[in-house]
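Here's a quick tour for anyone meeting this structure for the first time.

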Amino acid sequence: MDDNPVQLAVVMLVNRAGELLLQLRDEHAPNFPNMWALPGGHIEPGETPEQAAPRELMEEASLRPDSPLRLFLVQPVPEHHRVKHYFYGMTSAVQDDVVLGEGAAMVFTPAEQVFEGREFTPGTALAITEFLASAEYAQLRERA
Ligand SMILES: Nc1nc2c([nH]c(=O)n2[C@H]2C[C@H](O)[C@@H](COP(=O)(O)OP(=O)(O)OP(=O)(O)O)O2)c(=O)[nH]1
């Protein structure tokens, strides 16, 4: 039984070149230090996942999506007592627009390089794999 799992909102933000924004967690992070992740974090009490996702993106990268983020996947991770809400969206921002607010790095990464030598937080690699193969990602690429 996992009665009250921690609720997280994370963002798969794609730029006009089709690159995905990835966060490297810093060495002092209490959980999963030095691992790759998506920008995101805890959904605060009274906050919806739809509110938490753009807030975390602003706090951690100083970026806004071009249009409202959409939900891609809700993923239970019972072994870590978490539920992760994955949102996606497009930005016309470029790497120089990123202001690192949390973590050791925040980088737009070409899709074919996402899995090159990176260890991801639980559930993240699976969600990114599904997203990069999805109609949702293909549609963003068509509109870029
Ligand atoms: N940002 C992020 N955190 C993740 C991912 N996967 C995953 O298990 N986590 C975990 C790590 C942390 O235990 C938790 C999020 O913590 P955080 O420190 O990044 O979030 P936060 O901004 O809410 O931080 P705080 O308010 O607790 O200081 O979720 C992911 O893809 N991105």
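A salt bridge here means that a side-chain nitrogen of Lys or Arg sits within 4 Å of a carboxyl oxygen of Asp or Glu. With that in hand, keep in mind that this is a predicted model. Going by the salt-bridge rule, you get five of them, and Glu 44, Glu 47, Arg 55, Glu 56 and Glu 59 are joined up in a network of such bridges. There's also a ligand, and it sits in the largest pocket.

**The salt-bridge network**

- Which residues make up the network of salt bridges? They are Glu 44, Glu 47, Arg 55, Glu 56 and Glu 59.
- Take Arg 55 and Glu 44: they form a salt bridge, with their closest N and O atoms 4.0 Å apart. Arg 55 belongs to helix H1, while Glu 44 is in the loop between strand E4 (40-42) and H1, so this pair ties together parts that lie 11 residues apart in sequence.
- Arg 55 also pairs up with Glu 59, and here the closest N and O atoms are 3.0 Å apart. These two are four residues apart in helix H1, which means about one helical turn separates them.
- Are these residues buried or partly exposed? Arg 55 counts as partly exposed, at 21% relative accessibility; the cut-off for buried is under 20%.
- Glu 44 is partly exposed too, with a relative accessible area of 41%, and Glu 59 is partly exposed with 44%.

- Asp 66 and Arg 16 make another salt bridge, and their closest N and O atoms are 2.6 Å apart.
- This one links distant parts of the chain, as the two residues are 50 residues apart. You'll find Asp 66 in the loop between helix H1 (49-61) and strand E5 (70-77), and Arg 16 in the loop between strand E1 (6-14) and strand E2 (20-24).

**Around the ligand**

- How many residues surround the ligand? There are 18, and the closest are Leu 38, His 42, Arg 82, Lys 84 and Thr 121.
- His 42 gets to the ligand through its backbone: one of its N or O atoms there lies 2.8 Å from a ligand oxygen.
- Lys 84 uses its side chain instead, with a polar atom 2.8 Å from a nitrogen atom of the ligand.
- Glu 60 has a polar side-chain atom 3.4 Å from an oxygen atom of the ligand.
- On its own, the ligand has 620 Å² of accessible area, and the protein covers 81% of that.
- The elements giving two or more residues to the shell around the ligand are E1, E4, H1 and strand E6 (82-90).
- Which element gives the most to that shell? E4 does, with three residues.

**A buried proline**

- Pro 39 is in the loop between strand E3 (36-37) and E4.
- Pro 39 counts as buried because its relative accessibility is 0%, and buried means under 20%.
- Pro 39 and Gly 103 are 64 residues apart in sequence, yet their C-alpha atoms are 9.0 Å apart in space.

Terms used
Residues are numbered from 1 along each chain as its sequence is written. This is a predicted model: local features need pLDDT of at least 70, side-chain atom pairs count only at pLDDT 80 or more; totals for chains, interfaces and linings use all residues. Side-chain values use heavy atoms; hydrogens and water are left out. Buried means under 20% relative accessible area, exposed over 50%, partly exposed in between (1.4 Å probe, protein chains only). A residue is near a molecule or strand if one of its heavy atoms lies within 4 Å of it. A polar contact is a pair of N or O atoms within 3.5 Å; within protein, one must be able to donate a hydrogen and the other to accept it, and residues adjacent in sequence count only if both atoms are side-chain atoms. Accessible areas come from the Shrake-Rupley method with a 1.4 Å probe; for residues, only the protein chains shown count as cover. On a 1 Å grid over the protein atoms alone, a cavity is a set of points where a 1.4 Å probe fits but cannot get out, and a pocket is an open set with protein on both sides within 12 Å along at least five of seven lines; lining residues have an atom within 4 Å of a point. A molecule sits in a cavity or pocket if more than half of its atoms lie within 2 Å of its grid points.
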